[in-house]
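Please walk me through this structure, strand by strand.

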Amino acid sequence: QVQLVDSGGGLVQPGGSLRLSCTASGRLFSIYTMNWHRQAPGNQREFVAGITSGGDTKYADSVKGRFTISLSRDSAKNTLTLQMDNLKPEDTAVYYCNAFTQDLGATADYWGQGTQVTVSS
């Protein structure tokens with residue numbers, strides 16, 4: 001199994017920046033991709049950004065050029081970071097860290113507890 005802990009959310013004014021972090025522990029070798037998703041009130045959870053174990057990245061069109069995902073690894077943990085710049089009110093949501101794993105022929109999704117991001121003046 002993989003354990004995920006999200007942190008870094010908060011209240012920021014439009015045009016401001018925030019950095020989210022997610023610490024992954026457990027069966028790290030099984031992680032294929034790590035991603036950020038978000039869910040605004042009344043909306044479905046949506047993909048924001050992702051990074052593979054090989055370093056390939058992907059972004060939702062709505063955040064391209066404003067958000068940057070990165071991943072650092074050591075023997076004990078993975079740390080997933082989402083740098084969010086030029087934030088807009090429509091970025092307000094609960095942000096969730098996600099790990100997609102492949103292990104012994106089985107796949108699984110793991111989720112962090114979520115961290116609230118509010119963009120408002």
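Asn-86 is partly exposed, with a relative accessible area of 42%. Buried means under 20% relative accessible area, exposed means over 50%, and partly exposed lies in between, using a 1.4 Å probe and protein chains only. Asn-86 sits in the loop between E8 and E9. Helices (H or I, at least four residues) and strands (E, at least two) are DSSP runs, numbered from the N terminus. The phi of Asn-86 is near 50°, a positive value in a residue other than glycine. Most residues other than glycine have a negative phi.

The model is predicted: local features need pLDDT of at least 70, side-chain atom pairs count only at pLDDT 80 or more, and totals for chains, interfaces and linings use all residues. Residues are numbered from 1 along each chain as its sequence is written, and side-chain values use heavy atoms, with hydrogens and water left out.

Leu-104 also has a positive phi, about 55°, although it is not a glycine. Leu-104 is found in the loop between E9 and strand E10 (106–111). Leu-104 counts as exposed, because its relative accessibility is 82%.

Now the sheet. Four strands form an open sheet in the order E1-E3-E8-E7, and the pairing is antiparallel. Its edge strands are E1 (2–7) and E7 (67–73), and each pairs on one side only. The twist averages 15° from one strand to the next. Axes here are lines fitted to C-alpha atoms, for helices over the stretch in contact, and angles run from 0 to 180 degrees between N-to-C directions. Two strands pair if DSSP finds at least two bridges between them. Strands of a sheet pair through backbone hydrogen bonds, either parallel or antiparallel.

Take the strand pairs in turn. E1 and E3 are antiparallel and share six bridges. Leu-4 stands opposite Ala-24 in E3. Strand E3 (residues 18–26) is joined to strand E8 (residues 78–84) by seven bridges, and these two run antiparallel. Cys-22 stands opposite Leu-80 in E8. Thr-23 faces Thr-79 in E8.

Strand E4 has pairings of its own. E4 and E9 pair in the antiparallel sense over eight bridges. E4 and E5 also pair in the antiparallel sense, over six bridges. His-37 shows both pairings. Its bridge partner in E9 is Tyr-96, and its bridge partner in E5 is Phe-47. The hairpin of E4 and E5 has six residues between the strands, and Gly-42 takes a positive phi near 80° there. Seven of the nine residues of E4 are buried, so E4 is largely enclosed by the rest of the structure.

What does the interior hold? The largest nonpolar core has 29 residues. Such a core is a set of buried Ala, Val, Leu, Ile, Met, Phe, Trp, Tyr and Cys residues joined through side-chain atoms within 4.5 Å. Met-34, Trp-36, Leu-82, Met-84 and Tyr-95 have the most contacts inside this core. The elements that give two or more residues to this core are E1, E3, E4 (31–39), E5 (46–52), E7, E8, E9 (93–103) and E11 (115–119). In soluble globular proteins, nonpolar side chains tend to be buried together.

Val-48 belongs to strand E5. Val-48 counts as buried because its relative accessibility is 0%. Val-48 and His-37 are eleven residues apart in sequence and 5.0 Å apart in space, C-alpha to C-alpha. Phe-100 is partly exposed, with a relative accessible area of 24%. Phe-100 and Thr-33 are 67 residues apart in sequence, yet 5.3 Å apart in space, C-alpha to C-alpha. Leaving aside neighbours within four places in sequence, the contacts of Phe-100 include Ser-30, Tyr-32, Thr-33, Thr-107 and Asp-109.

Last, the rings. The structure holds zero aromatic pairs. Rings of Phe, Tyr and Trp (its six-membered ring) pair if their centres lie within 6.5 Å; planes under 30 degrees apart count as stacked, over 60 as edge-to-face and the rest as tilted. Arg-45 lies over the face of Tyr-96, at 3.7 Å from the ring centre. Arg-45 also lies over the face of Trp-111, at 4.7 Å from the ring centre. A charge sits over a ring if NZ of Lys or CZ of Arg is within 6 Å of the ring centre and within 35 degrees of the ring normal.

Notes: Contact means heavy atoms within 4.5 Å.
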